[in-house]
Amino acid sequence: MVYTEAFKSAREPSGYWWLNATPKHWRFSDIGLGEECAFPLYGSRGHKRRIFRHFLSAKTGDMVICYASSPIRQVVSVARISHAADEENLYFEKAEDLSHPIDYFDLKNCPELAHMEFFIQPKGSLFQLTKAEYNFIMKKIRASNPAPSVNASITPYRKEDFLREVYMDETQFRKLTTLLRRKQNLILQGAPGVGKTFTAKRLAYAMMGEKDDSRIRLIQFHQNYAYEDFIMGYRPNEDTFHLTPGIFYQFCQQAAAHPEKEHFFMIDEINRGNLSKIFGELLMLIEPEYRGTDVTLAYSGKPFCVPKNIYIIGMMNTADRSLAMIDYALRRRFSFFEMTPGFQSQGFRTYQESLGSKTMNALIEKIQILNAEIASDDSLGTGCCIGHSYFCGQEQSTDEWLEQVVDYDILPMLQEYWFDDKPRLLRWDCALHEVFHDNR
């Protein structure tokens, strides 16, 4: 590799570097935060690394942008030189993992980086950055990865907090945590309004023992969601395509970099996607006995594994009869927990008493009678009952708010349930509105 003298002199040592590593041979995700790593100055055949003088110029304290090359092609970490090079290695320690890695093309097309050494001649391992280039890249990083604060305190979260916020009893909480720890894959199923997504997040908090949202990722499946979105696929970029890691792949990389901490991946509306197509070869990898086992990915041809410290929680709406059931190959890899309305839980009763509304008390009684009728209907069942979350989140209860819940949330659902039974629909329309007349 040849550089002009003018180019060399324009790039005096600045204390900022770009480290390029091929995942096949060297993975940043294998290095823990604060862990020191030795990067060899010589290749496997004993040849000097390209631009060898850079390895000798790097000084203790210099900052390093860590780039995982093809097929990942993303900036994934930030490090610092911990010791200058000796006769064999250059030493650095990882300072930060990026929850949201920066894609190659998000940097390549920036005019501020037009003269960056790596973009001009990408062959090699260690490339110099000017201070301006480093600051620009860090600005890009900070746009989606807020700076970790040393003094930031994460709020503790315990079982008692879960039981206060989620309207379940302690027995149900123990079942949830036991199922998830045993199977590592759990689906919360139930009718709309039972608080599936809310519960999933609080369950993660309770298992972590703290409210750390950086270790939680929430997505929603839909009919067009694909393997390319979830794991890896080719994405258009100007006049070409490049291989781009999907959201679950990136989350696995993050979890692998922090093996001592539990991570939670949540999928809302999990039964809306074509699950076999989305998960692909991960159907095997998500099983507890195969966690940490490598398989070859379809697109990249590189090894990949699902870390042991990832828990997957799916949420499934059982009232939407237009959706197909989960296929059996995926079903056996998940435990299923049926969520029911929490009107009888101590948490909801405490909340209900705090509002002190006679109208709400009377309406809740009617809703529970309604749920008993829905549950006994062979064409509906418990999966179609009215959930408690329609009545939650209020500091005070007004008749206007309650009537809106009835008219615009509950009755439209009953119209869907009993579209062919007008007398029953009319009977419940009158019964629910009687509550407001009786309490005025």
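Mentor: Two cavities of 30 Å³ or more are present in the structure. A cavity is a set of points on a 1 Å grid over the protein atoms alone, where a 1.4 Å probe fits but cannot get out. This is a predicted model, where local features need pLDDT of at least 70, side-chain atom pairs count only at pLDDT 80 or more, and totals for chains, interfaces and linings use all residues. Residues are numbered from 1 along each chain as its sequence is written, and side-chain values use heavy atoms, with hydrogens and water left out.

Take the largest cavity. It holds about 200 Å³ of space. Volume here is the space filled by probe spheres set on the points, which are joined across faces, edges and corners. The lining has 18 residues; a lining residue has an atom within 4 Å of a point. Nearest the centre lie Phe-28, Ser-29, Val-76, Ser-77 and Gln-253.

Now the elements. Strand S4 (74-83), strand S5 (89-103) and helix H10 (247-257) each supply at least two lining residues. Helices (H or I, at least four residues) and strands (E, at least two) are DSSP runs, numbered from the N terminus. H10 gives the most, with five residues.

The lining divides into ten nonpolar, six polar and two charged residues. Nonpolar covers Ala, Val, Leu, Ile, Met, Phe, Trp, Tyr, Cys and Pro; charged covers Asp, Glu, Lys and Arg; the others, Gly among them, are polar.

How values were computed
1 Å grid on protein atoms, 1.4 Å probe; cavity = no way out; pocket = protein on both sides within 12 Å on 5 of 7 lines; lining within 4 Å.
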